[in-house]
Each structure stands twice: as C-alpha cells, then as structure tokens.
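Hello,

Here is the structure we talked about handing over. Please have a look, then read the notes below.

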Amino acid sequence: MTGNHRNTSITRRRALAVAGGTVAAGGLAAAGYQAFADTTTATTTATATSPASSGTCMQLMASVTEGPYYLDGALVRKNITEGKSGVPLTLRLTVVDATDGCTPVPGAAVEIWHCDAWGYYSGYTTANPGGSAPAESEDGSTADDKTYLRGYQVANANGVVMFETIVPGWYTPRTCHIHLKVHTGGAKEDGTYEGGKVNFTGQLFFDDEIAESIFALEPYSKHTGSYTKLADDMVYGGGGASSGLLTLKAVHKKDPSKGYKGFLTLGIDPDAENTGAGSGGGGGTPPSGAPAPSSSPSS
C-alpha cells in the first residue's frame, strides 16, 4: 500500500538520527496506541499529541534485555515464517520520536525475532524449551534453522513497519513474547541492515487468555508443561501497552486458528543508544542453560 504523504516538519536532530535509512512512502497510520521507549529517566513523560493518533505519548520505560537468543545479520523482509507452522500474526508497529512531539521516524529499522510454536529459536535449535516438546526437527517445515522467525523492516514515511509471522510459542520460564530492536542511522546492505545504532531494545507481549487459547491448538499443543503467565514473567513490567503488551484483533472472533493482527507504537529517543546486552530483567534461559548458537544466519 503506497501513498504520497511525507512529514515535512522533521527536525535537524531527527534528520541526522535517521540519515542513511531508506524511506518507503506509505499511507498506513496507527490508531489507539500507547508508546514505550528507552530513556535514562524513566519518569519522563511526553505530552504532545501524535499525528498518527488522537492518543499521546505515554510514560517512557527503560529498555530490557535482548535475551540469550539474539543473532546478527537478520534479513530485511516482511514475511519471516519460512514455512514454520502456527497461528498467523500480522504485526504492525509504528515508530515515533517521543522527544519530538511523537512525530514519525521514517527510515527507522525495526528488527524482530521469536521462537517457533514449540519454543525453539533459529540458530539455537538444540536448546531445550522446557516441559515436553517434540524435537525441533520434527516440525516438518522447510525453514532454514539459521534464519526462521527473524527479520528487519524499514519504516515508511509514517514510521510504520509490518511483519507477517506466527504467534510464538513459549519456553521455560518465559511468557509468550517477541523480541525487538529499533535501529536508526544505518542502511540496507546485502539483504540485511548495516550501521547506525540501536535506540531501543524491548519485548512485545500477548494477553494470557489469547495466548492460552492458541496454545490449545496444533502444533502448539504438542508442547506441554507449565506456561508462565504475564504476572509471573521476569521481564514484563505489568504496564499494559506501556510495557509492550500488544493490541490484538482476531481475524475471526470465534476461530483463533485464523490468526491475529497485532498493533503497537514504539516511542523512541533517536539520540539514545541501548543494545540490550547486559540489561536488567533477565533473558529467561531454558533449563538446559544459555546455549551457544548452532550457526550464524546467512545473508
């Protein structure tokens, strides 16, 4: 979907922060969102109204750990499933500058990664997800075990990125979640995103009731054990959207297998830098301990 709207009020500081990113003009805008971002002062609140919504930038929160399963070199692509089975999820995220009136940040690169329906991450497929789960190789998909369920998208003129993926499964002792980083100042190169800096490292979360309804379905139901709810998770802050809780809309209200659409706006500080490596909050390594990557992703 392509449009011709451009934000002509971009400040010099923001222009420098996103320089080098590619901008794809688009007419997509977020609605009913709340923002969260990395900041060194957790009590700072932005009050300007976002042009993408009638809402306001909410209280900023600190970045959280990138977790034990990060890999460099994820591919720039919209669909990251690689044939992995699961409940479809269309993820729409909007990046805004929480320090500049919640204006969009075109050219920002959003990177996401998450486990498959049984709790396995690409690059770490020998790591035990806890409970009882089939071996990752029994999935039967044609996914590349170095790259599945990882990818970048570069924000359009409205700060919007979209991903096609599946709802993640879970692993002990974590709740259902998606990892993300927001980068600025880099550019697409050799199929991935290079340069710039990481402004925000965070995680996206799923409502308990929705997650549990999905985990009752195939192939998720083949992974049995104790699922960690939001209130007991070591990373989720309990603040709803301001702590990364997605707004989820079912494609078919009576049939969760048809999939969901997830929405959230990410309020960032383009001057901040936080890779998430060594951050507080814990990564939630599985019972077998923090694994070494099985291999590096190809470009």
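**Salt bridges**

R77 and E82 form a salt bridge, with their closest N and O atoms 2.8 Å apart. The term means a side-chain nitrogen of Lys or Arg within 4 Å of a carboxyl oxygen of Asp or Glu. R77 and E82 are both buried. Buried is under 20% relative accessible area, exposed is over 50%, and partly exposed is in between (1.4 Å probe, protein chains only).

This is a predicted model: local features need pLDDT of at least 70, side-chain atom pairs count only at pLDDT 80 or more, and totals for chains, interfaces and linings use all residues. Residues are numbered from 1 along each chain as its sequence is written, and side-chain values use heavy atoms, leaving out hydrogens and water.

The whole structure holds eight salt bridges. K84 pairs with D139 at 3.8 Å, N to O. Both K84 and D139 are buried. Another salt bridge joins K146 to D144, the closest N and O atoms being 3.9 Å apart. K146 is partly exposed, at 30% relative accessibility. D144 is also partly exposed, at 27%. Shared partners link K84, D116, E136 and D139 into one salt-bridge network.

**Rings**

K84 also lies over the face of Y148, 4.3 Å from the ring centre. The charged end of K181 sits over the ring of Y70, at 4.9 Å from its centre. The rule here: NZ of Lys or CZ of Arg within 6 Å of the ring centre and within 35 degrees of the ring normal.

Best wishes
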